[in-house]
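Hello,

Here is the structure I promised to pass on to you. My notes on what turned up in it follow just below.

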Amino acid sequence: MSLEADIGIRALARFGHFRLDRTTGAVHWSPEVYELYGFDPFEPAPSLAMALAAFPERAQAELRRGIARSWETGEEVSVAASITRRDGGRRDVLARLRADPPDGDGPRTTLSGILLDVSEARTFDERLERERELLRTTLDHMDQGLLVVEPDMSVPVLSRRVTELLRLPEAFIETRPSFPEILNYQYETGTISLETLNSSINAYILDLEDLPEVHVYERETFDGRTLEVRTTKLPDGGFVRTFTDQTARRRRDAEIARAQAEYRRLFENSVVGIYRATPEGRPLRANAALVRMNGYDSEADLLAAVVDPAAEWSVDPARLEEFLRRLRDDGLVTDFVSEVYRHKTRERIWVSETAWAVHDDAGAMVAIEGTVIEATARKHAEDRIAHMARHDALTGLPNRQHFADRVAAALAARSEGAELAVLLFDLDRFKAVNDTLGHPTGDALLRALAARVAGLIGDEGVVARFGGDEFAVLAPGAGTAQAAALAERILEAVRAPVPLEGREVGLGASVGVARAPRDGADPTELIKAADVALYRAKAGGRDGWRFFEPAMAAEVEARQRLELDLRAALERNEFALTYQPVIRTVTGVSVGYEALLRWSHPERGPIAPEEFIGVAEETRLIGPIGAWVLARACADASAWPGDICLWVNVSAVQLARPEFEAELDAALEASGFPARRLFLEITETSLMEHKADLAPLIVRLRARGIRTALDDFGTGYSSLGYLRRFTFDVIKIDRSFVQDLAQFETAAIVMSVLDLARRLGIVTVAEGVETEAQLAALRVAGCSFVQGHFFGPPVDAASIRG
Ligand code: C2E
Ligand code: CA
Ligand code: CA
């Protein structure tokens with residue numbers, strides 16, 4: 001190829017000439033070479049060495065060798081390299097040179113060449129190549145197959161996808177088949193039918209003129225796929241044809257149709273009402289459930305009825321406004337519960353709606369869609385639960401929480417200077433009623449008394465039940481005098497006998513009264529104050545009422561402190577036992593000893609059992625304390641002579657504990673003290689106040705050989721009944737009778753008790769004998785045993801030797 005032709009191809013390249021004179025060594029550059037080297041065109045041309053220096057070393061060597069060869073043979077030398085310009089930039093160049101023919105026979109003395117800048121030419125080539133590559137990749141990766149058919153039916157472009165879709169093998173493609181050859185191949189290999197072959201030949205080869213500009217048809221391939229074939233005529237004859245595999249789209253269409261049918265079934269058969277409505281809430285579609293919910297037979301009836309202006313739709317306007325506002329703001333409303341009409345029948349029902357806004361592409365709300373469930377039953381259940389949460393199930397009265405709310409409301413509504421009273425009361429000995437007459441009777445009694453007190457209070461006030469036999473009354477506007485009168489009326493109401501199962505039951509009550517504002521400013525304070533007053537009323541002998549006084553709070557605090565100290569007393573080993581003898585009346589000899597508990601408080605010194613046993617019972621601390629007493633007393637008594645008995649006081653609370661028998665057995669076993677020498681004393685009052693049905697336990701105790709004594713006999717209530725029921729072995733006649741023996745009536749009572757005990761085969765002990773005279777009287781009356789200070793103070797265990 002001539003230099004010029006080469007240059008012609010590279011029309012975009014810049015080039016310059018150079019010459020070299022072999023004899024002078026002078027180099028001549030054309031201005032383009034100066035520019036390529038980055039030299040100033042006015043400076044003298046450099047030497048050959050300098051001109052070569054811009055080339056990389058390997059190219060320099062190549063050039064030197066080439067130049068030397070060309071001087072000899074005149075052959076052409078061509079070296080491509082990247083030169084470094086003076087400014088540090090690089091250019092891709094092609095250097096071509098050749099020694100000029102000599103003048104006559106002499107040697108070659110001049111050499112000319114060109115320096116061609118191919119940097120840009122290369123970029124241009126690369127770009128073309130890239131674009132071709134890009135087109136090829138695009139064609140090959142297009143989901144559509146594409147082929148171009150020239151007017152002469154040759155196929156210059158055929159994408160890889162076509163070969164896949166038409167199942168044309170590589171080897172066949174390499175033969176660069178024409179369009180008729182492709183058709184024919186398909187027919188021969190059975191991928192198209194003869195009919196398709198013929199119609200294609202007619203349409204695209206013979207009658208191409210008649211074909212519309214764009215012609216589209218779909219056909220099934222032999223392997224069951226759907227191909228869309230689109231033929232577009234080209235302006236200069238020939239056509240472009242694309243093949244699109246529509247199998248997936250077909251499947252998707254079928255799936256969409258199936259899903260639509262499914263949704264329609266869901267819509268129609270759903271038991272939940274479903275609708276589509278205008279942005280103002282007027283229904284456009286309603287499913288069968290919603291139609292029925294509104295009392296209609298068909299969707300058409302419902303939709304016709306709701307556009308009738310005479311028949312107004314949905315809900316209370318304020319609720320509808322709220323519903324639409326939330327839809328506009330949040331786009332979604334869930335579980336919106338409201339009371340509506342059944343559209344046709346005007347019957348009121350509750351519904352729960354969930355709705356969402358439907359927007360167009362511009363974001364405007366164009367419709368509302370939603371679901372409706374009838375929630376009447378749920379609403380009623382919720383109302384019932386709400387009522388239950390605020391009322392007592394047994395009496396239907398407000399409960400503590402509700403009462404506190406009512407007190408708060410009354411306090412808030414109270415006008416300047418006005419008063420208000422909160423009364424708390426509980427029934428005295430209600431537990432005994434429950435235990436003796438049974439819980440159903442107890443419940444009936446509570447209901448009767450609740451109704452009675454509620455009638456007394458009227459609509460102004462509130463009666464509440466806090467639980468058990470504890471009630472509260474709120475009397476708005478009641479000052480001191482009215483509150484006192486109300487407390488009295490409550491007591492009277494409770495005392496009046498209630499006819500129950502053929503018998504009349506009358507009880508007492510204790511009432512605590514707190515007055516606002518003096519006793520408290522909020523419900524909690526007032527209820528607390530009334531509770532403190534109630535506690536004092538009970539401690540003050542029951543069946544009475546008390547106003548709250550600030551000093552009471554201090555008492556309650558002292559009691560709480562006592563409780564704390566009592567909890568610590570066992571651990572700190574502050575308890576001890578002392579023993580009071582039981583004397584046989586006729587001989588004056590000790591036959592046993594009663595263990596009496598002593599508590600030595602670290603700060604307050606000795607505290608009497610009267611002060612702490614009650615607290616121990618209420619706090620159930622009596623359990624562990626009583627267990628300690630049993631263990632200690634049995635251990636002490638095991639060292640006594642064989643005929644001396646041990647008497648231990650036990651509380652009914654302690655007996656009712658499930659652990660009691662195990663603790664008792666453990667005390668006996670650990671000490672080795674025989675059960676037949678043990679007496680357990682139970683007070684009458686504790687029996688009545690606490691779990692009373694100890695008869696089976698007493699039977700089991702007796703089976704072990706343990707005997708039981710009814711303590712403080714005569715101080716309790718229905719004593720004779722207890723005697724019969726529990727079959728105690730011993731009764732201990734209370735100290736108060738012994739002290740009053742000089743009185744005729746008391747003496748008569750004691751005589752008849754001793755007589756009765758004798759007849760029932762029960763042994764008697766008289767407590768609190770302090771004088772010779774008392775002892776003499778008891779001896780004459782036939783009391784078997786006595787106890788009391790007359791025989792000296794209690795002693796410690798170690799001093800008992802027989
Ligand atoms: P209680 O079982 O009736 O015990 C007799 C109480 O009367 C004892 O009071 C005793 O010191 C006192 N006493 C004895 N003789 C006379 C007398 O001639 N004149 C006077 N004025 N009093 C006399 P204490 O020890 O203060 O006990 C009081 C109550 O505490 C006991 O009454 C008993 O019910 C209870 N208690 C004492 N120790 C225990 C115990 O270990 N467990 C239980 N559950 N209760 C106990
Ligand atoms: Ca006793
Ligand atoms: Ca007693």
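**The calcium site**

Along the chain, the donors of the calcium ion (ligand 3) follow the spacing D-D-x54-E; donors are N, O and S atoms within 2.8 Å of the metal (3.2 Å for Na, K and Ca), and water is not among the atoms, so sites may look incomplete. Please keep in mind that this is a predicted model, in which local features need pLDDT of at least 70 and side-chain atom pairs count only at pLDDT 80 or more, while totals for chains, interfaces and linings use all residues. Residues are numbered from 1 along each chain as its sequence is written, chains are lettered from A and ligands numbered from 1 in the order in which they are written, and side-chain values use heavy atoms, with hydrogens and water left out.

The ion is held by Asp-711 (OD), Asp-712 (OD), Glu-767 (OE) and Glu-767 (OE), at 1.9 to 2.5 Å. Asp-711 also coordinates the calcium ion (ligand 2), which is 4.0 Å from the calcium ion (ligand 3). Asp-711 is buried, with a relative accessible area of 4%, whereas Asp-712 is partly exposed at 21% (buried means under 20% relative accessible area, exposed over 50%, partly exposed in between, with a 1.4 Å probe and protein chains only).

An open sheet is formed by 5 strands in the order 7-6-10-9-8, with antiparallel pairing. Strand 7 (157-158) and strand 8 (214-220) stand at the edges with a single partner strand each, so one side of each has no neighbour in the sheet. Two strands pair if DSSP finds at least two bridges between them; helices (H or I, at least four residues) and strands (E, at least two) are DSSP runs, numbered from the N terminus.

Strand 6 (residues 145-149) is joined to strand 10 (residues 239-245) by 5 bridges, and Val-148 stands opposite Val-240 in strand 10. The loop between strand 6 and strand 7 holds Met-153, whose phi is near 70 degrees, a positive value in a residue other than glycine. Met-153 is buried, with a relative accessible area of 11%.

On a 1 Å grid over the protein atoms alone, a cavity is a set of points where a 1.4 Å probe fits but cannot get out, and a pocket is an open set with protein on both sides within 12 Å along at least five of seven lines; lining residues have an atom within 4 Å of a point. Grid points are joined across faces, edges and corners, and a volume is the space filled by probe spheres set on the points.

The second largest cavity has a volume of about 190 Å³. Its lining has 17 residues, with Phe-18, Tyr-37, Leu-48, Ala-51 and Leu-52 the closest to its centre.

The second largest pocket has about 530 Å³ of space. Among its 17 lining residues, Pro-156, Val-157, Leu-158, Ser-159 and Ile-173 lie nearest the centre. Helix 5 (119-141) is one of the elements that supply at least two lining residues, and gives the most, with 5 residues.

**Two backbone details**

The peptide bond from Ala-516 to Pro-517 is cis, with omega near 5 degrees; Pro-517 is in the loop between strand 21 (508-516) and helix 19 (523-539). Asp-335, in strand 13 (residues 332-341), has a positive phi near 45 degrees and is partly exposed at 39% relative accessibility.

Best wishes
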